[in-house]
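Please keep the sequence and the structure in view while reading.

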Amino acid sequence: MQTPAPRVLTLHGIPNCDTVKKARAWLAAQAPAAGVEVHFHDFRKQGVPAELLGPASEALGWERLINRSGTTWRRLDEAERAAVTDAATAIALMQAQPSVIRRPLVRWPDGRFSVGFDAADFAARLAR
């Protein structure tokens, strides 16, 4: 009898982000029991995968992916912020400045995306 392939989720973010730390700790405790393997993708060390932001912005909306309350966004000059008007300009900014992406960005085993950390939402997604 063949063992089923593990379900895999990828958590994208920056390791020193408090929300990413909380999500990683929660997943480390909960995901194995749900038969889900967790991979961490570090935006700072590994960059932002070109194939990630298009589907994520389609699924969630590019506006949700940009962390407008973070220091990276606030440090941009007014012209740079004003230039972000659609998915293409938002994606270009996120690739150039990964810290502006709201974190964590998670691609779940079913191919869906979520952004941010909510324990109840994560538990429901693991149960699928």
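**Overall form**

The model is a predicted one. Along the principal axes, the C-alpha trace spans about 60 × 25 × 25 Å. The accessible surface of the protein amounts to about 7,200 Å², and carbon and sulfur atoms contribute 51% of it. Of the 128 residues, 40% count as buried, that is, under 20% relative accessible area. Among contacts in the protein with a separation of 6 or more, 65% are between residues 24 or more positions apart.

The secondary structure may be considered next. The protein contains eight helices and four strands. Followed along the sequence, these elements give the pattern β-α-β-α-α-α-α-α-α-β-β-α.

In what order do the four strands stand in the sheet? They form an open sheet with the order β2-β1-β3-β4, and the pairing is mixed. Its edge strands are β2 (36-42) and β4 (113-115), each of which pairs on one side only. From one strand to the next, the twist averages 20 degrees.

Within this sheet, strand β1 (residues 7-13) is joined to β3 by three bridges, and the two strands run antiparallel. His-12 stands opposite Leu-105, a residue of β3.

Helices accompany the sheet. Helix α1 (residues 18-30) packs on the sheet and touches β1 and β2. The direction of helix α1 makes about 160 degrees with that of β1. Helix α3 (residues 50-60), for its part, lies across β1, β3 and β4. Relative to β4, helix α3 runs at about 80 degrees.

Most peptide bonds are trans. Which form does the peptide bond from Arg-103 to Pro-104 take, cis or trans? This bond is cis, with omega near -10 degrees. Pro-104 is found in the loop between α7 (87-96) and β3 (105-107).

How values were computed
Residues numbered from 1 in each chain as written. Predicted model: local features only at pLDDT ≥ 70, side-chain atom pairs only at ≥ 80, totals over all residues. Heavy atoms only, no water. Pairing = 2+ DSSP bridges. Axes fitted to C-alpha atoms, helices over the stretch in contact; angles between N-to-C directions. Contact = heavy atoms within 4.5 Å. Buried < 20%, exposed > 50% of the residue type's maximum accessible area, 1.4 Å probe, protein only. Areas by Shrake-Rupley, 256 points an atom, 1.4 Å probe, with all protein chains shown as cover.
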